[in-house]
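Hi,

Here is the structure I said I would pass on to you. Have a look at it first, and then read my notes below.

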Amino acid sequence: SSFPYYSFEDRTMAYVWGSAFYGIYFIVSFPGFYYFDTCIDDDDDEEEEKEKEEKPKRRSVVTLMDTFTIACGHGMMILTLLDF
């Protein structure tokens, strides 16, 4: 390391543990982002349905309160898993 005030005894294990803890962020946050993006292609589906002259399905809307609640929940899950 170019920073003179610290060094690792085993740099490989530091990278392994760091990657494992960073993976916790991905494992917890992926379902939240998946939930937000479930309706991303609904506009294309609605156009196809109009061509078929069927009733368009109702689009689910993610509100600001949903976003806030999910973000706080995922933040708390990450904090809990990192302290575990």
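Residues are numbered from 1 along each chain as its sequence is written, and side-chain values use heavy atoms, with hydrogens and water left out.

First, the overall layout. The protein chain has three helices and zero strands, and from the N terminus on its elements run α-α-α. Helices here are DSSP runs of H or I with at least four residues, strands are runs of E with at least two, and the numbering goes from the N terminus.

How much of the chain is buried? The figure is 12% of the 84 residues. Buried means under 20% relative accessible area, exposed means over 50%, and partly exposed is in between (1.4 Å probe, protein chains only). The protein chain exposes about 7,700 Å², and carbon and sulfur atoms supply 62% of that area. Those areas come from the Shrake-Rupley method with a 1.4 Å probe, and for residues only the protein chains shown count as cover.

Then the confidence. pLDDT is the predictor's confidence in each residue, from 0 to 100. Its mean over the protein chain is 79, and 73% of the residues reach 70 or more. Where pLDDT is low, the predicted coordinates should not be read in detail.

Back to Tyr35. With a relative accessible area of 37%, Tyr35 is partly exposed. Which residues does Tyr35 touch, not counting those up to four places away in sequence? They are Val62, Asp66 and Ile70; contact means heavy atoms within 4.5 Å. The C-alpha atoms of Tyr35 and Thr67 are 10.0 Å apart, although 32 residues separate the two along the chain.

Another pair of this kind involves Thr63, which sits in the loop between α2 and α3. Thr63 is partly exposed, at 38% relative accessible area. The C-alpha atoms of Thr63 and Phe36 are separated by 9.9 Å, and the two residues are 27 apart along the chain.

Next, is His74 buried or exposed? His74 belongs to helix α3 (residues 64-83) and counts as buried because its relative accessible area is 16%. Leaving aside neighbours within four places in sequence, His74 is in contact with Val28, Ser29 and Gly32. For the chain as a whole, 58% of the contacts with a separation of 6 or more are between residues 24 or more positions apart.

Now the aromatic rings. Rings of Phe, Tyr and Trp (its six-membered ring) pair if their centres lie within 6.5 Å; planes under 30 degrees apart count as stacked, over 60 as edge-to-face and the rest as tilted. By this rule there are five aromatic pairs. One of them is Phe26 with Phe30, a tilted pair at 5.5 Å centre to centre and 40° between the planes. Phe26 and Phe30 are four residues apart in helix α1, so about one helical turn separates them. The rings of Phe30 and Tyr34 have their centres 6.4 Å apart and their planes at 25°, so that pair is stacked. Phe30 and Tyr34 are also four residues apart in helix α1, again about one helical turn. Phe26, Phe30 and Tyr34 form one aromatic cluster. Within it, Phe26 is exposed at 56%, Phe30 is partly exposed at 45%, and Tyr34 is exposed at 57%.

Last, the surface. Phe3, Tyr5, Tyr6 and Phe8 form a nonpolar patch there, with about 500 Å² of accessible area together. Patches are made of residues with over 30% relative accessible area and no salt bridge, joining like charges within 9 Å and nonpolar side chains (Val, Leu, Ile, Met, Phe, Trp, Tyr) within 5 Å. A salt bridge is a side-chain nitrogen of Lys or Arg within 4 Å of a carboxyl oxygen of Asp or Glu. Phe8 lies in the segment before α1 (11-36) and counts as partly exposed because its relative accessibility is 41%.

Cheers!

Note on methods
This is a predicted model: local features need pLDDT of at least 70, side-chain atom pairs count only at pLDDT 80 or more; totals for chains, interfaces and linings use all residues.
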